[in-house]
Amino acid sequence: MADFSQQLDTLREGIDELDTQLVELLAKRNALTTKVGQVKAEAGMPVYVPSREKELIASRRAQAEAVGVSPDLTEDLLRRIMRESYHTQNNRYLGVNADAGTIVVIGGAGALGKIFVSLFERSGYSVSVVEREDWESGHAAAVLSTAALAVVAVPINLTEQVIGQLSMLPESCILADITSIKVKPIEAMMAVHKGPVVGLHPMFGPDAPGMIKQVVVVCEGRNESAYGWLIDQMRIWGATIHNSTAEEHDKSMAYIQVMRHFNTFVYGEHLRGEDPDLESLTMFSSPIYRLELAMVGRLFAQAPELYADIIFNNPENFALLRRFYDRFGLALNVLEKGDKKAFIKQFLTIGNWFGSYAKTCLVDSKQLLLKADDGKLLRKP
């Protein structure tokens, strides 16, 4: 036994030495990526270049396979390292139109507004923030009357009201909003302002460190050529731009946001009413169920006003929720009748509708599940 212990000690010392070298290599790589970020900032190049990342991953996977190392492990490690390196490059950016004039972020002290303020400032722009108290003091009108770009970053329920007060904007000023609905805000902006108008929806939350690898939906309002530099600036920040009509955007959001949030709300209420022990639920859950439970818990850790605004904003979405309710009832009837054949037939019909996307989800979700199981992630402490 002593001999085995000595062998283990020797092997562990070797592992410790290699781990130390790994950390040192990460430090060297971090220094290089920081310099890469500086060069990109000076040249105005995007932080995230998909083709470069794809080429690097493919090359390292081939190298790993050649030396008998798991390509999946290698890719997993590299993606985590690259995600960190993107943020070490995330200090300064080239301003596409840094001499544009004053950029005003209305609601810039809010969670998402702060991200935009920070990105503009790190790109060399002159930025002012307008908050509620500034309207009463007259400061808001003074600042906005000379703005080159005004970004409305206030809660959904206040967006149209705030937009309605922006008649003082210079005609050359670009007026943009960043709310998660687009039809009504764009209509309000077009009505109050004669200059360039654009609707933006950053598809990320306030906990995101920036725009790297994030999607921003752009809905045209008026005079696209005037706000083109703003879109280019977001690309430099690392964003992927998706152009859409406001109508198409809002229709999709009814399924992506309204349905999902309301469904989660009801599921959370059902759990509260049944009152199971959460610690037991997490202990008995496999990674996929812990992830699903985490998505429910995550909702109730955030501001209820935000989700109330999203769900209540458009009464037209209530009909969609009613249809969901009806289909839930029909599915429950199948269970109560004990009709397994009907259930399986419907299951296959739904699977055919999803098509190959279902297989893609199965493959991609495996990586998420492996991460969720690391260190008993998402178990209730």
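## Burial, salt bridges and surface patches in a predicted chain

Buried residues make up 35% of the chain's 381 residues. Buried means under 20% relative accessible area, exposed over 50%, and partly exposed in between (1.4 Å probe, protein chains only). This is a predicted model, where local features need pLDDT of at least 70, side-chain atom pairs count only at pLDDT 80 or more, and totals for chains, interfaces and linings use all residues. Residues are numbered from 1 along each chain as its sequence is written, and side-chain values use heavy atoms, with hydrogens and water left out.

**Overall build**

The chain has 16 helices and seven strands. Helices (H or I, at least four residues) and strands (E, at least two) are DSSP runs, numbered from the N terminus. Along the principal axes, the C-alpha atoms fill a box of roughly 85 × 65 × 35 Å. Take contacts (heavy atoms within 4.5 Å) between residues at least 6 apart in sequence: 69% of them join residues at least 24 apart. The chain exposes about 23,500 Å², and carbon and sulfur atoms supply 59% of that area. Accessible areas come from the Shrake-Rupley method with a 1.4 Å probe; for residues, only the protein chains shown count as cover.

**Helix H8 and Pro155**

Helix H8 spans residues 183-192, and its buried residues are Val183, Pro185, Ile186, Ala188 and Met189. Their cover includes H7, strands E4 (174-177), E5 (197-202) and E6 (215-222), and helix H10 (246-274). Pro155 sits in the loop between strand E3 (147-152) and helix H7 (156-163). Pro155 is partly exposed, at 45% relative accessible area. Its C-alpha lies 7.5 Å from that of Thr179, 24 residues away along the chain.

**Salt bridges**

A salt bridge is a side-chain nitrogen of Lys or Arg within 4 Å of a carboxyl oxygen of Asp or Glu. By this rule the count is eight. Three of them are tabulated.

| Pair | Closest N to O distance |
|---|---|
| Glu75 and Arg79 | 2.9 Å |
| Glu269 and Arg272 | 2.8 Å |

Arg61 lies in helix H2 (residues 50-66) and Glu75 in helix H3 (residues 71-88), so this pair ties together parts 14 residues apart in sequence. Glu75 and Arg79 are four residues apart in helix H3, about one helical turn. Arg61 is partly exposed at 26% relative accessible area, and Arg79 is partly exposed at 34%. A network of salt bridges links Glu53, Arg61, Asp72, Glu75, Arg79 and Lys213.

Glu269 and Arg272 both lie in helix H10, three residues apart, about one turn of the helix. Glu269 is partly exposed at 39% relative accessibility. Arg272 is exposed at 56%.

**Surface patches**

Patches are made of residues with over 30% relative accessible area and no salt bridge; like charges are joined within 9 Å, nonpolar side chains (Val, Leu, Ile, Met, Phe, Trp, Tyr) within 5 Å.

Phe324, Phe328, Leu332, Leu335, Phe343, Ile344, Phe347 and Leu348 form a nonpolar patch on the surface, with about 840 Å² of accessible area together. Helix H14 (317-336) and helix H15 (340-354) are the elements that give two or more residues to this patch. Leu348 belongs to helix H15 and is exposed, at 53% relative accessibility.

Asp9, Glu13, Asp16 and Asp19 form a negative surface patch. Glu13 is in helix H1 (residues 2-43) and is exposed, at 55% relative accessible area.

Technical notes. Lys and Arg count as positive and Asp and Glu as negative; His and the chain ends are not counted. The place of a charge is taken as NZ of Lys, CZ of Arg, CG of Asp or CD of Glu.
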